[in-house]
Amino acid sequence: MSKPVALILLNWNTPEYTTDCIKSVLEYCNPDHFDIIVTDNGSTDGSLELLQSQFPELVYLDNKENLGFAEGNNRAIDYSISKGYTYSLIMNTDTLVDSDIISKMLQHMQNHPQAAAVQPAIYWMHDRNKIWNGDSYVNFVLGFTYNKKNTSESSDEQDYKKVEWVTGCCCLIRNEVLKQTGGFNKEFFLYYEDVELSFRLRAQGYELHYLPSCKMYHEAGASGKEKETNEGTLSPVIHYYVNRNKIWFLRGYGKPLFYPLVFLYNAPYYLALYSYFKLKGRNKKAEYLFKGLKDGFFTPKNLIWPSKP
């Protein structure tokens, strides 16, 4: 394969966002470095046909059903590896670029063979001076993931930071390493699959890098938004996956010594959130939150990691 990067865009009923994302990439990024692989996750709004008519030169994969973020991207990662690409670039469709971030990340990976993956600084779409996701870490003592949002844009394009995890919103991953670790854990379906994969990448002895000079913009949560109802605009099922998967990740990679502190730190938050949903009459959200916590604690580990390395 003459081009080193397979740019993977996973679409699910968001053709407008995907269209804008593709246009920005084609406008600002060097086409000699990448092919765009659009993977459709069983959209029901005619997304696939619409995108194919607008961009017939791209590669399209039809998953036929909603496989979730994890397995939906895995199908495209498998394609990327089978076609001989050196890197897979996972990018959310509700993002825009205004510079050639693909070339920057590619050059960084070529200069740093110890890195399994690299991510750019991701700013909010509605406020392009504020970071949505910067350099990211995990606090296992209290049980939460976080990223530093006060990282200023670096004037030195060579500056980078070693981080503990990279976001699936946008990360360039070395395919040779993915052959060793596998892709995202499909059991996670949605959320925390990027954090979990990051820890497997690091377990192979590789580093994960963050490039503050490399910028893009993110709408955040476009596929999880719904029309205004009594439950609000965020889909109730989001609360299931976010909270279940957070607990799964901590069970897989945290230290049992800290579990009592994790519980004491997080229990008041979950109690307050559940109470808020009930008081607001958002019973679906309360139901999904409770189910997420229950499945997070009680799903057997061998079902979460059938073949954990």
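**Figure 1. Of the 309 residues in the chain, 54% are buried.** Buried here is under 20% relative accessible area, exposed is over 50%, and partly exposed lies in between, with a 1.4 Å probe and protein chains only. This is a predicted model, so local features need pLDDT of at least 70 and side-chain atom pairs count only at pLDDT 80 or more, while totals for chains, interfaces and linings use all residues. Residue numbers start from 1 along each chain as its sequence is written, and side-chain values use heavy atoms, leaving out hydrogens and water. The chain has 10 helices and 14 strands, which are DSSP runs numbered from the N terminus (H or I, at least four residues, for helices; E, at least two, for strands). Its radius of gyration is 19 Å, close to the 19 Å from the globule rule for 309 residues, so the chain is as compact as a globular protein of that length. That radius is taken over C-alpha atoms, and the rule is 2.2 Å times the number of residues to the power 0.38. Along the principal axes, the C-alpha atoms fill a box of roughly 55 × 45 × 40 Å.

**Figure 2. Helix 1 (residues 15-28) packs with helix 2 (residues 47-54) at an angle of about 25°, and their axes are 10 Å apart.** That makes helix 1 roughly parallel to helix 2, a label for angles under 35 degrees. The axes are lines fitted to C-alpha atoms over the stretch in contact, and angles run from 0 to 180 degrees between N-to-C directions. Helix 1 brings P15, T18 and T19 to the contact, and helix 2 brings S47, L50, L51 and Q54; contact means heavy atoms within 4.5 Å. Sorted by class, that's 3 nonpolar, 4 polar and no charged residues. Nonpolar covers Ala, Val, Leu, Ile, Met, Phe, Trp, Tyr, Cys and Pro, charged covers Asp, Glu, Lys and Arg, and the others, Gly among them, are polar.

**Figure 3. Helix 6 (residues 193-203) is mostly covered, with 9 of its 11 residues buried.** The buried set is E193, D194, V195, E196, L197, S198, F199, R200 and L201. After helix 6 comes G205, with a positive phi near 95°.

**Figure 4. Y210 sits in strand 12 (residues 207-218).** With 0% relative accessibility, Y210 counts as buried. Take a look at V163 too: the C-alpha atoms of Y210 and V163 are separated by 6.6 Å, though the two residues are 47 residues apart along the chain.

Conventions. Angles under 35 degrees count as roughly parallel, over 145 as roughly antiparallel, 65 to 115 as roughly perpendicular and the rest as oblique.
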